[in-house]
Amino acid sequence: RRGSLEACIFFFNDTATTEIYTEQIVGSVRCVQETDLRQCEILTRFLRLCIITKFEEKYELLDQYMGSIGRQLYVGPLYYELKRQGMTELGWKIFNNHKDFYHPIARRAFMKILSS
């Protein structure tokens, strides 16, 4: 199991080549299907690719994850990617679902990302 998590982190760490990923490739990554919401390093990378590839099947997981992890380190890049990909409406929906969960500083940072 540990080997598969390390391989998964390596797979998602290559952010320079995200344009080669497709919904089918991202959806087939087995290590993410086996992980839980506490695997922040993996899920943040995986969900970022789901946003880039418009993998709608994982948007519920995205919402659930962003409401269970309040750290800017993990959630901020996802709001940024939603904004960058023109998915601000989804970003605001997720933000409004969880804004009371976030620390006030994180809340302001996420609002700034979505508003810029």
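Let me start with L82, which, once its neighbours within four places in sequence are set aside, is in contact (heavy atoms within 4.5 Å) with I51, L62, M66, M87, T88, L90, G91 and I94. This is a predicted model, in which local features need pLDDT of at least 70 and side-chain atom pairs count only at pLDDT 80 or more, while totals for chains, interfaces and linings use all residues. Residues are numbered from 1 along each chain as its sequence is written, and side-chain values use heavy atoms, with hydrogens and water left out.

L82 is also among the residues with the most contacts inside the largest nonpolar core, which has 25 residues; such a core is a set of buried Ala, Val, Leu, Ile, Met, Phe, Trp, Tyr and Cys residues joined through side-chain atoms within 4.5 Å. The largest share of this core, 6 residues, comes from α4, where helices are DSSP runs (H or I, at least four residues) numbered from the N terminus.

Turning to α7, the residues T88, L90, G91, I94, F95 and H98 are buried, meaning under 20% relative accessible area with a 1.4 Å probe and protein chains only, whereas exposed means over 50% and partly exposed lies in between. They cover an arc of only 160° around the axis, taken from the directions from the helix axis to the C-beta atoms, which puts them on the same side of α7. On the other side, E89 and K93 are exposed, and the buried residues of α7 pack against α5, α6 and α8.

Note on methods:
Helices (H or I, at least four residues) and strands (E, at least two) are DSSP runs, numbered from the N terminus.
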